[in-house]
Amino acid sequence: MAETTERHHKPFEGVFSEEARTHAHAAREEMRQSFEAMFPPGFAEHRRQARREMLLAFRSMIDESLKRMEEKKP
């Protein structure tokens with residue numbers, strides 16, 4: 001499993017109490033663990049790779065569009 005990185009920012013600090021933010025963080029972690037338990041091992045990595053490939057495809061389409069725009073410049 002991938003290591004988690006420590007975050008240096010605190011979302012909603014000053015908006016919600018520390019207790020509320022702590023409970024929201026715990027709920028998010030429990031939700032993540034429940035989703036991991038529903039899917040077979042390797043699913044998260046496969047999903048991550050699929051997402052990466054889609055982003056690379058979008059990048060390629062954008063690059064090609066920019067190239068065509070530049071070719072059409074007078």
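The model is predicted, so local features need pLDDT of at least 70 and side-chain atom pairs count only at pLDDT 80 or more, while totals for chains, interfaces and linings use all residues. Residues are numbered from 1 along each chain as its sequence is written, and side-chain values use heavy atoms, with hydrogens and water left out.

**Fold and surface**

- The protein chain has two helices and zero strands; both are DSSP runs, helices being H or I of at least four residues and strands E of at least two, numbered from the N terminus.
- Of the 74 residues in the protein chain, 1% are buried (buried is under 20% relative accessible area, exposed over 50%, partly exposed in between, with a 1.4 Å probe and protein chains only).
- The accessible surface of the protein chain is about 7600 Å², with 59% of it belonging to carbon and sulfur atoms; areas come from the Shrake-Rupley method with a 1.4 Å probe, and for residues only the protein chains shown count as cover.

**Salt bridges**

- There are five salt bridges in the structure, each defined as a side-chain nitrogen of Lys or Arg within 4 Å of a carboxyl oxygen of Asp or Glu.
- A salt-bridge network links E29, R32 and E36.
- E36 and R32 lie four residues apart in helix α1, about one turn of the helix.
- R32 is partly exposed at 30% relative accessible area, as is E29 at 23% and E36 at 37%.
- In helix α2, E45 and R48 are three residues apart and form a salt bridge with closest N and O atoms at 3.3 Å.

**Nonpolar patch**

- M54, L55, F58, M61, I62, L66 and M69 form a nonpolar surface patch with about 730 Å² of accessible area together.
- Patches take residues with over 30% relative accessible area and no salt bridge, joining like charges within 9 Å and nonpolar side chains (Val, Leu, Ile, Met, Phe, Trp, Tyr) within 5 Å.
- L66 lies in helix α2 (residues 43–71) and is partly exposed, at 43% relative accessibility.

**Aromatic pair**

- The structure holds one aromatic pair: F39 and F43 are stacked, 4.3 Å centre to centre with 10 degrees between the planes.
- Rings of Phe, Tyr and Trp (its six-membered ring) pair if their centres lie within 6.5 Å, and planes under 30 degrees apart count as stacked, over 60 as edge-to-face and the rest as tilted.
- F39 is partly exposed at 36%, and F43 is partly exposed at 29%.
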